[in-house]
Each structure stands twice: as structure tokens, then as C-alpha cells.
Amino acid sequence: MTAESDEREVAVAMDPATPGDGGDGGDGDGEDGEPEGSERPLGSRAPGFIRRSRALHVSWQVGVFLVGLAIVGTGVVLLPLPGPGWVVIFAGMAVWATEFVWAQLVLRWTKRKVTEAAQRALDPKVRRRNVTLTVIGLAIIGALLGYYVWRFGFVMPWKADLHS
């Protein structure tokens with residue numbers, strides 16, 4: 001155990017919104033890298049009357065898991081289809097994060113990585129590189145499109161006479 005995990009256990013134990021039995025499944029090792037006190041403590045967000053009854057709490061967790069599974073499954077189906085697949089998957093993860101520590105840690109990690117990527121994307125060197133690569137890509141596409149129009153005219157590709 002580290003001092004950080006001791007601090008987290010004290011913070012969780014002192015927060016009335018978290019169950020006192022420690023049955024949230026978290027190991028409290030602070031791997032998310034966030035400073036203490038900057039986020040809500042890990043654990044169940046179920047109402048107190050549900051957490052007081054073990055059977056009711058387990059039933060609640062099963063229900064939350066099934067709802068989250070349905071949402072994540074829908075997101076996975078939407079990945080190859082037109083639709084917001086990743087948004088739906090993260091919505092399902094958010095549903096799971098209301099009850100499960102592992103989902104809370106995944107969402108914290110994802111949020112941290114997205115924030116880091118956004119900061120890197122705003123770096124002037126990275127922006128210049130991205131603009132340069134975009135211009136080069138558009139020039140190549142334009143050249144290929146120009147060649148196609150010069151060679152075949154304005155004919156759809158599936159109707160082009162490739163042997164002439």
C-alpha cells in the first residue's frame with residue numbers, strides 16, 4: 001500500500017455518498033494519475049436505500065450491467081454502420097461507471113488521454129504538420145481526379161471503358 005492509496009481510502013470512508021462496506025471492487029491504488037480531491041471518489045452511485053440491502057444492491061448492479069451492456073452492444077453494432085458508434089459505446093461505459101469502479105477508471109483514463117490529445121493537437125508544430133499533410137493529401141487526390149477526368153471524361157467509374 002502506498003500513501004496515496006491510504007489517502008484515497010480515508011477520503012472514500014469519509015464520504016457519505018460511498019458505501020461503507022468497501023464492496024466497490026476498487027483497489028484504491030490511484031493508477032488514474034489524478035490528484036486527490038479533484039474527482040469524485042470511486043464506488044457505487046446507487047441511492048443509499050439500495051446500498052443498505054445487499055440483495056437489492058446486487059440486483060441493482062445486475063440491472064446497471066445489463067443496461068450498459070445493451071448500450072455498448074448497440075454502439076459496437078453502429079461502428080461499421082452509419083451512426084455514432086463510439087459515442088454510444090462511451091455512453092454505455094458512463095452507465096457502467098455509475099456502479100463499477102473498473103468502468104470509472106476506464107472513463108478517467110479515456111478522459112485524460114482525450115485531453116492530452118487535444119493539447120497536442122493545439123501545439124503549433126503539430127498543427128503545421130497536420131495542415132501540410134492535409135494539403136499534400138488533397139493535392140494527390142486532385143491529381144488523381146484530374147487524371148481520371150482527362151482519361152475518361154465525366155463518366156462514373158463503373159461505366160468507364162477501361163480498355164480504350
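Leaving aside its neighbours within four places in sequence, Ile89 is in contact (heavy atoms within 4.5 Å) with Val72, Gly75, Val76 and Leu79 in this predicted model. Ile89 belongs to helix α4, helices here being DSSP runs of H or I with at least four residues and strands runs of E with at least two, numbered from the N terminus. At a relative accessibility of 10%, Ile89 is classed as buried, where buried means under 20% relative accessible area, exposed over 50% and partly exposed in between, computed with a 1.4 Å probe on protein chains only. The C-alpha atom of Ile89 lies 6.6 Å from that of Ile71, a residue 18 positions away along the chain.

The model is a predicted one, in which local features need pLDDT of at least 70 and side-chain atom pairs count only at pLDDT 80 or more, whereas totals for chains, interfaces and linings use all residues. Residues are numbered from 1 along each chain as its sequence is written, and side-chain values use heavy atoms, with hydrogens and water left out.

The protein contains six helices and zero strands, giving the pattern α-α-α-α-α-α when read along the sequence. Of its 164 residues, 24% are buried, and among contacts with a separation of 6 or more, 51% are between residues 24 or more positions apart.

Two packed helices are described by the angle between their axes and the distance between the axes. The axes are lines fitted to C-alpha atoms, for helices over the stretch in contact, and the angles run from 0 to 180 degrees between N-to-C directions. Helix α3 (residues 54-78) packs with α4 at an angle of about 170°, the axes being 7 Å apart. Helix α3 is therefore roughly antiparallel to α4, on a scale that counts angles under 35 degrees as roughly parallel, over 145 as roughly antiparallel, 65 to 115 as roughly perpendicular and the rest as oblique. The residues that meet across this pair include Val64, Phe65, Ile71 and Val72 in α3 and Val88, Ile89, Met93 and Trp96 in α4. By class, the contact of α3 with α4 has 14 nonpolar, five polar and no charged residues, with Ala, Val, Leu, Ile, Met, Phe, Trp, Tyr, Cys and Pro counted as nonpolar, Asp, Glu, Lys and Arg as charged, and the others, Gly among them, as polar.

Helix α4 (residues 85-97) also packs with helix α5 (residues 101-121), at an angle of about 135° and with the axes 7 Å apart, so that α4 and α5 are oblique to each other. On the α4 side the contact is made by Phe90, Met93, Ala94, Trp96 and Ala97, and on the α5 side by Trp102, Ala103, Gln104, Val106, Leu107 and Thr110. Nine nonpolar, two polar and no charged residues take part in the contact of α4 with α5.

A search of the whole structure finds one salt bridge, defined as a side-chain nitrogen of Lys or Arg within 4 Å of a carboxyl oxygen of Asp or Glu. This salt bridge joins the side chains of Glu116 and Lys113, at 3.7 Å from N to O. Glu116 and Lys113 are three residues apart in helix α5 and are therefore separated by about one helical turn. Glu116 is partly exposed at 32% relative accessibility, and Lys113 is partly exposed at 37%.

Pro41 is placed in the loop between α1 (3-14) and α2 (48-52) and, with a relative accessible area of 22%, is partly exposed. The C-alpha atoms of Pro41 and Gln104 are separated by 9.6 Å, although these residues are 63 positions apart along the chain.
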